[in-house]
Amino acid sequence: RTLFRLGGAMRGLGFAEAAILAALLATNAARCMPPLPDRTVRAKAQSASRYAPAAIEDAKHVPLDHWHTPWGDVFNAEALCRLHGEDLRYCARWESWFVWSGTHWQQDESGQVMDRARDTIRQMAQQAATEQQGDFLKYLSKCFSHAKLTAMLAQAATFPDLMVLPDVFDSNPWLLNCVNGTLDLRTATIRPHWKQDYLTKCLPI
């Protein structure tokens, strides 16, 4: 689970920002390889703390009346980040999106990110229908245009949670990625695939 989902779950249980930040910093240091910068962790804690405490079991599905950003491109981008951010990264220097395949990060050359953008609008529309948010449904009906979807992705590409530098990819020469896991050549042990390794290659073995 991502740090943001942990923060969202803690906020749902009523934890204050200071407690959420402490937990995220500890988790980042213990489980993220490599650890995220402290400023990024603080931003995640602040973002999670914006929502009112509630019995939110899954941070991906927050009641619409808990959202504080006005409807628009930034709102849509935040929804994309919430629903699909775990599996998306953007490299500004390469002007490219990367998508997690389950084993490694792949440069998006087949429109997967745009498909995630459309899915974000669909999921919000389903939630709005469930919560009988008629005005919001009318707003979302206009968000399937190419211009609105492109604007959503342009905003998301500037979010610190999604931005990466080129040198983060394939930076550990001791890791050999395979279909059944990642082999650490230093210890000759194989472990599950980790997104935090930022590997872009996978041997078919």
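Is glutamate 17 buried, exposed or partly exposed? Glutamate 17 is partly exposed, with a relative accessible area of 36%; buried denotes under 20%, exposed over 50%, and partly exposed the range in between (1.4 Å probe, protein chains only).

The model is predicted, so that local features need pLDDT of at least 70 and side-chain atom pairs count only at pLDDT 80 or more, while totals for chains, interfaces and linings use all residues. Residues are numbered from 1 along each chain as its sequence is written, and side-chain values use heavy atoms, with hydrogens and water left out.

**View 1. Glutamate 17 in helix α2.** Glutamate 17 belongs to helix α2 (residues 17-31). Helices (H or I, at least four residues) and strands (E, at least two) are DSSP runs, numbered from the N terminus. A separation of 8.8 Å is found between the C-alpha atoms of glutamate 17 and arginine 50, which are 33 residues apart along the chain.

View 2. Strand β1 (residues 88-91) runs antiparallel to β2, and four bridges join them; two strands pair if DSSP finds at least two bridges between them. Leucine 88 has valine 99 of β2 as its bridge partner. β2 also pairs with strand β3 (residues 105-107), in the antiparallel sense and over three bridges.

**View 3. Burial of strand β2.** Five of the five residues of β2 (residues 96-100) are buried, so this strand is largely enclosed by the rest of the structure. In a regular strand the side chains alternate between the two faces of the sheet. In β2, Ser96, Phe98 and Trp100 point one way, whereas Trp97 and Val99 point the other way.

**View 4. The open sheet β4-β5-β6.** Three strands form an open sheet in the order β4-β5-β6, with antiparallel pairing. β4 (175-178) and β6 (189-191) stand at the edges, each with a single partner strand, so one side of each has no neighbour in the sheet. From one strand to the next, the twist averages 25°; axes are lines fitted to C-alpha atoms, and angles run from 0 to 180 degrees between N-to-C directions. Four bridges connect β4 with strand β5 (residues 181-184), and leucine 176 has leucine 183 of β5 as its bridge partner.

**View 5. Positive phi in two loops.** Glutamate 95 lies in the loop between β1 and β2 and has a phi near 50°, a positive value in a residue other than glycine. Glutamate 95 is exposed, with a relative accessible area of 66%. Alanine 188, in the loop between β5 and β6, has a positive phi of about 55°. Alanine 188 is likewise exposed, at 63%.

View 6. Cysteine 81 is buried, with a relative accessible area of 18%, and cysteine 143 is buried with a value of 1%. The whole structure contains zero disulfides, a disulfide being a pair of cysteine sulfur atoms within 2.5 Å.
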